[in-house]
Amino acid sequence: MASSSAITLNDGTSIPILAYGTATALIRKDAKDWVKMAYNDAELRHIDTAAYYENEDTVGAALKELGTSREEIFITTKWLSLSDAWREMEALRGEGKAKSIGVSNYIAVSQLEETLKHAEIVPSKPKRAAHYIDRSSSPGNGKIEVHPYVYAKAKPIIDYCHTKGIQIACYTSLASIIAFPGGPVDAVVQKIASEIGATEDQVLMKWAHQVTYGGVVVTTSSKKDRLLGQMNALTEMKELTDEQIEEIVKTGAKKHQRVY
């Protein structure tokens, strides 16, 4: 059964399920042509960036040249400060400068618990439990490194976020075949891809989406067909079975390696 191309956060905001990331290959580089390709050719409407990437100016230049209206694009950005950042984020949301706010690069449940102790607004999403920003370049939600070789360590905070109604955005989902090829998970992913008539990247994208309870998946590619295939994996491809999910989890647990 097909899935929706967007998910709804705990604050009611709807965001596209596949985000185009401007880190990795694009960090501190001109991202303009890549963003324009993702928008025009692959029709992606969710761009993930950060001040640390030092390319937000070229992302903005791309959107300006595209002439897209602000309501047509969802922008996620991230800040690095952790001290009083959440109160600042709440203030930005109160001023209408961000529709959704979230946390980034939290690894331990205790870190998120500490934020929640003082929060007036529950994060709508964590990215490695990331600042998610909607349509006005302000943070919001949550981002987590999720691939088979970190899932065992990430599962507690993924589950905790789920119990709190905090959506996950995951990145580096293809790390096992791109950053760490030749590992124990390769054969399993190849087998599942063959069984269901999919590509290996589609299997891992679908796996990441399912183990994060239907979370956003961040990807980067210079190839239109690759992006379209990954979107298809999230929205059209049948869900992996519990057995297929568990096979990837168990095999991935044999090796622990982070990208970040």
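I started with a loop: Glu-43 sits between α1 and β4 (46–48). Helices here are DSSP runs of H or I with at least four residues, strands are E runs of at least two, and both are numbered from the N terminus. Ground rules for myself: this is a predicted model, where local features need pLDDT of at least 70 and side-chain atom pairs count only at pLDDT 80 or more, while totals for chains, interfaces and linings use all residues. Residues are numbered from 1 along each chain as its sequence is written, and side-chain values use heavy atoms, with hydrogens and water left out.

**Entry: positive phi**

Phi of Glu-43 is near 55 degrees, a positive value in a residue other than glycine. Most residues other than glycine have a negative phi. I checked accessibility too: Glu-43 is exposed, with a relative accessible area of 57%. My cut-offs are under 20% relative accessible area for buried, over 50% for exposed and partly exposed in between, using a 1.4 Å probe and protein chains only.

Arg-28 also has a positive phi, about 60 degrees, and is not a glycine. I found Arg-28 in the loop between β3 (18–21) and α1, and at 43% relative accessibility I log Arg-28 as partly exposed.

**Entry: charges over rings**

What does Arg-28 lie over? The answer is the face of Tyr-52, at 4.8 Å from the ring centre. To count, NZ of Lys or CZ of Arg must be within 6 Å of the ring centre and within 35 degrees of the ring normal. I also noted Lys-255, whose charged end sits over the ring of Tyr-149, 5.6 Å from its centre.

**Entry: aromatic pairs**

I searched the whole structure and got three aromatic pairs. Tyr-149 and Phe-180 make a tilted one, with 6.4 Å centre to centre and 55 degrees between the planes. The rule: rings of Phe, Tyr and Trp (its six-membered ring) pair if their centres lie within 6.5 Å, with planes under 30 degrees apart stacked, over 60 edge-to-face and the rest tilted. This pair links distant parts of the chain, since Tyr-149 is in the loop between β8 (142–145) and α5 (151–163) and Phe-180 in the loop between α6 (175–178) and α7 (185–196), 31 residues apart. I find both Tyr-149 and Phe-180 buried.

The rings of Tyr-171 and Tyr-260 have centres 5.8 Å apart and planes at 50 degrees, so I call that pair tilted. Tyr-171 is in β9 (residues 169–171) and Tyr-260 in the segment after α10 (242–252), so the pair ties together parts 89 residues apart in sequence. Tyr-171 is buried at 9% relative accessibility; Tyr-260 is partly exposed at 46%.

**Entry: helix packing**

I looked at α1 (residues 32–40) against α2 (residues 56–66): they pack at about 45 degrees, axes 8 Å apart. Axes are lines fitted to C-alpha atoms, for helices over the stretch in contact, with angles from 0 to 180 degrees between N-to-C directions. That makes α1 oblique to α2; angles under 35 degrees count as roughly parallel, over 145 as roughly antiparallel, 65 to 115 as roughly perpendicular and the rest as oblique.

In α1, Val-35, Met-37, Ala-38 and Tyr-39 are buried. Their cover includes β3, β4, α2 and α9 (224–235), with contact meaning heavy atoms within 4.5 Å.
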